Structure formats: structure tokens, C-alpha cells
Amino acid sequence: NTPIVFLSGSADSHHQLVLAVGDSPTVMQQLSFKVSTLDELRTMANRASDYGVEGFRPWDHGNAWSVYFFDPQGNLVEVYMDTIFHVAQPHGRMLDLSLTDQEILNNTFNAIKDDPTFGYMEDWQARIKQKLYDNSN
């Protein structure tokens, strides 16, 4: 099990930087691009698939939906959008983008609702905001 830490200096982002311990380069070295809707994520997934990219993988992290693939130079690329949920990372399972938005949301909820770290992103953001900006600690 690789030790991994997710870091953020913003209450609006579950992580801006990820640090992992390892002896060699890992798939954690990636470029990530954020989209706003599942339709935008599907569009990027379709484009990547149409170009026949290597390593194509749609993934449900619980707190984000992602599509991973390698660009022509071999760099790992992630296109993602945040969900309304929070769950501790790492977490993940395959994502079926052929489902409707509501089906994807329901599947994600059902997959993570029993996790002890499950919550809604707005509640997590409020707690992080208090930790980041409360100078009385």
C-alpha cells in the first residue's frame, strides 16, 4: 500500500496536490483538467476514444468522476469533474458514462454511502474553510 497524501489550500478543492511515496515513477504523475458537467466529460471521453488513446479509463472516485488516458508523448492526462459528495481517497471504481446523469449520481451514492468518511462536499468544504481560515487555532 503506497502512502499517499492529498493536499489543498482551498476550501473549494478536495486536493490541489497529491504526494505519494515510491521508488519509481507512478501513474500519479499526471496533468488534470477540470470540466463542469458530465456532458463535457463524455465529450472529452469520446474524443479520447475516437483518437484511440492508450490507457483509456473512466473512473468514479466518489468525490469526482474522471477519464484517464495517455497523450501521444506518454503523459497521463485526467479530465474530471467534482461530484456533490466527499469520501476519503484513494477510492475508486469503473465509471459507465453511457448511463444518464441521474444513474451515475445514484451509482456513486450507493457505492460510497456506507463509507465512514462519506459526506456531502458542501459540509466538507465548510469544515475545511473553518480549518483554513480560523486563526484562533
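Tutor: Let us begin with one pair of residues in this predicted model. R57 stands opposite Y68 in strand 5.

Student: In which sense do strand 4 and strand 5 pair, and over how many bridges?

Tutor: Strands of a sheet pair through backbone hydrogen bonds, either parallel or antiparallel. Here strand 4 and strand 5 are paired in the antiparallel sense, over five bridges. The two strands form a hairpin with three residues between them, and G62 in that turn has a positive phi of about 90°.

Student: How does strand 5 pair with strand 6?

Tutor: That pairing is antiparallel too, over seven bridges, and F69 stands opposite V77 in strand 6. The hairpin of strand 5 and strand 6 has five residues between the strands; within this hairpin, G74 takes a positive phi near 90°.

Student: What is the order of the strands in the sheet?

Tutor: Five strands make up an open sheet, in the order 3-6-5-4-8, with mixed pairing. Strand 3 (30-34) and strand 8 (93-94) stand at the edges with a single partner strand each, so one side of each has no neighbour in the sheet. Strand 3 runs parallel to strand 6 (residues 76-82), joined by five bridges, and F33 stands opposite V79 in strand 6.

Student: Which helix packs on the sheet?

Tutor: Helix 1 (residues 38-50) does, touching strand 4 (54-60), strand 5 (64-70) and strand 6. The direction of helix 1 makes about 15° with that of strand 5.

Student: Is strand 5 mostly covered or uncovered?

Tutor: Strand 5 is mostly covered, with six of its seven residues buried.

How values were computed:
Residues numbered from 1 in each chain as written. Predicted model: local features only at pLDDT ≥ 70, side-chain atom pairs only at ≥ 80, totals over all residues. Heavy atoms only, no water. Pairing = 2+ DSSP bridges. Helix = DSSP H or I, 4+ residues; strand = E, 2+ residues; numbered from the N terminus. Contact = heavy atoms within 4.5 Å. Axes fitted to C-alpha atoms, helices over the stretch in contact; angles between N-to-C directions. Buried < 20%, exposed > 50% of the residue type's maximum accessible area, 1.4 Å probe, protein only.
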